[in-house]
Amino acid sequence: MKTIALGITGSIAAYKAAELTSQLVKLGYDIHVVMTEGAVSFISPLTFQTLSKNPVVTSLFSANSPSEVEHVALSDRCSLLLIAPATANIISKIACGIADDFLTTLALTMGSQILIAPAMNTHMWHNPIIQENIQRLEQRGIRLITPEYGCLACGTEGDGRLASIERIVGAVKNSLNDDQPSAFSLNQTKTVLITAGPTREMIDPVRYISNPSSGKMGYSLAIAAKRMGARVILISGPTCLDTPPGVEIYRVTSACQMRDRVMEFLELSDIFISAAAVSDYMPVEVSSEKLKKGADRIVLQMQQTPDILMEVASKNWSGIVVGFAAESQNMIENAVKKLREKNLDFIVANDISRDDIGFGSDQNEVTIIDKHGRQEKIPLLSKDRIAECIMRRILVVDVL
Ligand code: C5P
């Protein structure tokens with residue numbers, strides 16, 4: 001039976017942690033609840049003591065934690081610290097290494113074995129300080145279960161709602177299986193650099209040009225590469241997806257930021273996979289003020305974004321370069337043309353004219369084409385399975 005410490009903080013979503021505890025206990029996990037002072041204002045520790053059948057810790061020196069080093073003892077027993085709901089306050093405290101209560105002290109002893117499921121008002125969630133702190137945590141290997149869009153307790157609607165219990169339980173299971181390698185594993189460590197998701201090209205402070213890419217394909221590739229034993233660096237545009245376990249993630253917004261991050265990590269990588277749906281154009285000028293409504297028609301001057309894939313492939317870099325071709329007609333012909341023009345090792349072609357696959361869907365059907373023109377068609381499968389097939393194809397060639 002795996003032991004999990006469940007940290008509960010002072011958000012109205014604290015009541016949802018009761019159902020979460022109940023489901024985790026039913027799955028056979030030994031749950032030890034740690035509540036902050038704020039959490040206790042929302043829901044009674046007795047609820048969690050009853051559901052988990054374990055004492056609940058509510059303060060650093062409480063009767064339940066007679067020893068000063070109780071947090072170390074708990075951290076030694078736990079495979080994971082899950083904080084759900086996680087307030088802006090706890091996120092920022094952990095990001096700064098503050099340890100002024102039991103939960104933050106425990107967090108400091110858990111290293112990267114931490115999953116956080118934030119819940120807060122949408123303006124707090126989008127506050128750059130919170131986003132920067134989230135990035136700091138992610139860069140230290142702490143995994144984020146992204147909040148969802150919906151009605152919030154403050155009466156507004158937006159991002160910031162605690163992820164569904166189903167998603168949190170899924171992330172826990174996924175995290176604890178992290179050590180199970182894939183059936184296919186590498187005999188030497190490779191570093192795989194992957195781009196994923198859309199990019200956003202700002203027009204003014206509140207408007208942008210983007211596309212409906214969900215980032216699922218790139219994230220699935222990151223998970224597959226990690227399972228095969230690779231070191232994985234994921235450069236992600238804005239998505240609602242959770243941090244894949246064990247993956248180093250850098251979140252960016254625009255094509256230019258994505259390009260800079262890719263160049264930063266290229267030299268230490270062996271394989272570059274460009275799965276992001278990078279915008280091809282960006283506004284020539286970004287207005288610093290919100291543009292006012294005026295004329296019936298306006299003209300927006302656009303210029304090309306850097307073609308990251310082309311730049312990587314034309315560099316004197318010895319790694320393997322893999323591109324994606326999202327085509328709405330003559331899929332294979334256009335993909336082969338792109339493979340040659342961009343001088344790639346592989347291209348993964350998919351048909352975006354179909355509703356059942358591609359953008360936003362959980363499934364895909366692709367054809368992998370190598371630089372010699374050899375084609376391998378992967379039938380309709382989940383993006384996770386497709387990702388495994390793609391990684392095997394790339395890595396097998398590399399290993400041989
Ligand atoms: O030429 P096209 O944009 O269709 O090529 C798609 C491939 O190029 C994808 O792998 C995508 O990630 C990559 N790309 C890029 N930088 C751009 C545009 C596309 O890396 N600015």
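**Entry 1. Helix α6**

I looked up helix α6, residues 102–109, in this predicted model. The helix is mostly covered, for six of its eight residues are buried. I noted the buried residues of α6 as Phe102, Leu103, Thr104, Thr105, Leu106 and Ala107. I then looked at what follows α6 and found Gly111, whose phi is positive, near 60°.

**Entry 2. The five-stranded sheet**

I asked in what order the five strands of the open sheet stand. The order is β2-β1-β3-β4-β5, and the pairing is parallel. Strands of a sheet pair through backbone hydrogen bonds, and the pairing may be parallel or antiparallel.

Which strands stand at the edges? I found β2 (30–35) and β5 (143–144) there; each has a single partner strand, so one side of each is left without a neighbour in the sheet.

I followed β5 to its partner. Strand β4, residues 114–118, pairs with β5 in the parallel sense over two bridges. Opposite Arg143 in β5 I found Leu115.

I also looked for a helix against these strands. Helix α1 (residues 16–26) lies across β1 (3–8), β2 and β3 (80–86). The helix runs at about 150° to β3.

I looked up which residues make a nonpolar surface patch of about 330 Å². They are Ile12, Tyr15 and Phe42. I placed Ile12 in the loop between β1 and α1. Its relative accessible area is 45%, and Ile12 is therefore partly exposed.

**Entry 3. Strands β16 and β17**

Is strand β17 enclosed or open? Five of the six residues of β17 (residues 346–351) are buried, so the strand is largely enclosed by the rest of the structure. Strand β16, residues 320–327, pairs with β17 in the parallel sense over six bridges.

**Entry 4. Gly229**

I found Gly229 in the loop between α10 (216–227) and β11 (231–236). Its relative accessibility is 41%, so Gly229 counts as partly exposed. I also looked up its separation from Tyr219, which is 10 residues away along the chain. The C-alpha atoms of Gly229 and Tyr219 are 16 Å apart.

**Entry 5. Salt bridges**

How many salt bridges does a search of the whole structure find? I recorded 19, and I looked at several of them in turn.

- Arg207 and Asp204 form a salt bridge, with the closest N and O atoms 2.4 Å apart. Arg207 is partly exposed at a relative accessible area of 33%, whereas Asp204 is buried at 0%.
- Glu264 and Arg261 form a salt bridge, with the closest N and O atoms 3.0 Å apart. Both residues lie in helix α11 (residues 255–266), three residues apart, about one turn of the helix. Glu264 has a relative accessible area of 47% and is partly exposed; Arg261, at 22%, is also partly exposed.
- The side chains of Arg385 and Glu388 meet in a salt bridge at 3.6 Å, N to O. Why are these two residues separated by about one helical turn? Arg385 and Glu388 are three residues apart in helix α14 (residues 383–399), which means a separation of about one helical turn. An α-helix has 3.6 residues a turn, so residues three or four places apart point the same way. Arg385 is partly exposed, with a relative accessible area of 40%, and Glu388 counts as partly exposed at 25% relative accessibility.

Salt bridges that share partners join Asp370, Arg374, Glu376 and Arg393 into one network.

Terms used: Residues are numbered from 1 along each chain as its sequence is written. This is a predicted model: local features need pLDDT of at least 70, side-chain atom pairs count only at pLDDT 80 or more; totals for chains, interfaces and linings use all residues. Side-chain values use heavy atoms; hydrogens and water are left out. Two strands pair if DSSP finds at least two bridges between them. Helices (H or I, at least four residues) and strands (E, at least two) are DSSP runs, numbered from the N terminus. Contact means heavy atoms within 4.5 Å. Axes are lines fitted to C-alpha atoms, for helices over the stretch in contact, and angles run from 0 to 180 degrees between N-to-C directions. Patches are made of residues with over 30% relative accessible area and no salt bridge: like charges are joined within 9 Å, nonpolar side chains (Val, Leu, Ile, Met, Phe, Trp, Tyr) within 5 Å. Accessible areas come from the Shrake-Rupley method with a 1.4 Å probe; for residues, only the protein chains shown count as cover. A salt bridge is a side-chain nitrogen of Lys or Arg within 4 Å of a carboxyl oxygen of Asp or Glu. Buried means under 20% relative accessible area, exposed over 50%, partly exposed in between (1.4 Å probe, protein chains only).
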